[in-house]
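Biologist: I have the model open now and would like to go through it with you. Could we take it region by region?

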Amino acid sequence: MSSSYLNLIDLNDYPVAFWDRLIELGHNIKNDPEKYSQSCKGKIMATLFYEPSTRTQMSFQTAMIRLGGSIIGFDNPSTSSVAKGENLKDTTKIVSSYADILVMRHPVAGAAKAAALTADCPIINAGDGGHLHPTQTLTDLLTLREEKGSLENLTIGMCGDLKNGRTVHSLVKAMSMYKNNKFVFISTDALKLPSYIKDVLSAKGAEYKEVERLEDAIGELDVLYMTRIQRERFASEEEYQKQKDVYVLDRHKMLKAKKDLVVLHPLPRVDEIAVDVDDDPRAKYFIQAKYGVYVRMALILTVLEGKEQPAPLLFGKEYRISCPNSKCITNTETYLPKSFVGIGDNLICEFCDERTLML
Ligand code: NCD
């Protein structure tokens, strides 16, 4: 199924040349924001945030306001008709008929894609459960372009909750598309990167290894991407307590790192980076959040211009099985098509990327 709108559900739905154009535009906006200050005059952006957010929501709103446009939306679904039991389809259908672009964050994987199937304006995925977060990745890419000067030939360490961290999933998929990047995944056994992301790396022939100790890996890294343990994605508080505080980047560990290491974090930080690292010139996580505004301005402009070729939403087949992932949108919004793509012996859910064996 295709959409006539330039949605952004997963960056990998588009060619790398498209990302590069967005990053280049983000760079130009950063250097001359005034030039773009009326570019979206008369346009409305809706932000529907079904999950908490500071940076993503406010940077989108700031981006639209700095482009001369206006904003509507909610950040607490309990004050909207969602509290009365309205389904995702109806809410997004209506709001998309009010707005020119709709930015959505939702706790369930595949929600943005589900909304895009019936919306009357482009949908931007601002995080769908533990699945993907493409606009954080655009932020990360612009940050690396500005702070490292290249998106190639980097050894990238990812540390923390690699299982549930959607920013990690999107960034690994994206960086595997640039030449010669190597990955070091630093996590406990329980919080390892999902296999579907490792499959993407294997398919690209990208080199990666998995280690348990940050101090063993830090010395070889050009980029260290720290992440928060995603408390809200754990089945129980007890499970979370077992994982929290395992990784803390502090001044002592920074002594072992390269002089030109770049430390990133999508934020919010809990305690995985000691506050005393903030003054280290290699700590780039605050400026990273600022780059997010420029790249989101670039994205809003590009989507509203609509000159790029939209990506298809669904191209697989409908099956009479349910997705085995209980956190997939097809299991909560049951009117959605059970659409899968067959690869080898596996069926891949087109909403959440979960694999199931073909019977
Ligand atoms: C991240 C998110 O929401 O996934 N934050 C963000 O968008 N800046 C990371 C997180 O919540 O840990």
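Biologist: Let's start with His-131: is it buried or exposed?

Modeller: In this predicted model, His-131 has a relative accessibility of 6%, and it therefore counts as buried, the cut-off for that class being under 20%.

Biologist: Where in the fold does His-131 lie?

Modeller: His-131 belongs to the loop between β4 (123–128) and α5 (134–148).

Biologist: And which side chain does the His-131 side chain touch through a polar contact?

Modeller: That partner is Asp-353, whose side chain is joined to the side chain of His-131 by a polar contact of 2.7 Å.

Biologist: Moving on to the ligand, which residues are around it?

Modeller: The residues around the ligand are Thr-56, Arg-105, His-133, Gln-136, Arg-166, Thr-167, Arg-228, Gln-230, Pro-266, Leu-267 and Pro-268.

Biologist: What do Arg-166 and Arg-228 do there, in terms of distances to ligand oxygen?

Modeller: An N or O atom in the side chain of Arg-166 is 2.7 Å from an oxygen atom of the ligand, and for Arg-228 a polar side-chain atom lies 2.8 Å from an oxygen atom of the ligand.

Biologist: Why would you call α11 largely enclosed by the rest of the structure?

Modeller: Because 15 of the 21 residues of α11 are buried.

Biologist: What comes just after α11?

Modeller: Gly-306 follows, and this glycine takes a positive phi of about 60 degrees.

Biologist: How many aromatic pairs turn up in the whole structure?

Modeller: The search finds eight aromatic pairs. One of them is formed by Tyr-14 and Phe-18, whose ring centres are 4.5 Å apart with planes at 25 degrees, so the pair is stacked. Both Tyr-14 and Phe-18 are buried. In another case, the rings of Tyr-285 and Phe-286 have centres 5.1 Å apart and planes at 70 degrees, so that pair is edge-to-face.

Biologist: And how accessible are Tyr-285 and Phe-286 themselves?

Modeller: Tyr-285 counts as buried at 1% relative accessibility, whereas Phe-286, with a relative accessible area of 48%, is partly exposed.

Biologist: Which residues form an aromatic cluster with Tyr-208?

Modeller: Phe-183 and Phe-185 form one aromatic cluster together with Tyr-208.

Biologist: Where does Lys-89 lie relative to Tyr-335?

Modeller: Lys-89 lies over the face of the Tyr-335 ring, at 5.8 Å from the ring centre.

Biologist: Last, the sheet with β10 in it: what is its strand order?

Modeller: The order is β10-β11-β12-β13, an open sheet of four strands with antiparallel pairing. Its edge strands are β10 (317–318) and β13 (355–357), each of which pairs on one side only.

Notes
Residues are numbered from 1 along each chain as its sequence is written. This is a predicted model: local features need pLDDT of at least 70, side-chain atom pairs count only at pLDDT 80 or more; totals for chains, interfaces and linings use all residues. Side-chain values use heavy atoms; hydrogens and water are left out. Buried means under 20% relative accessible area, exposed over 50%, partly exposed in between (1.4 Å probe, protein chains only). Helices (H or I, at least four residues) and strands (E, at least two) are DSSP runs, numbered from the N terminus. Two strands pair if DSSP finds at least two bridges between them. Rings of Phe, Tyr and Trp (its six-membered ring) pair if their centres lie within 6.5 Å; planes under 30 degrees apart count as stacked, over 60 as edge-to-face and the rest as tilted. A charge sits over a ring if NZ of Lys or CZ of Arg is within 6 Å of the ring centre and within 35 degrees of the ring normal. A residue is near a molecule or strand if one of its heavy atoms lies within 4 Å of it. A polar contact is a pair of N or O atoms within 3.5 Å; within protein, one must be able to donate a hydrogen and the other to accept it, and residues adjacent in sequence count only if both atoms are side-chain atoms.
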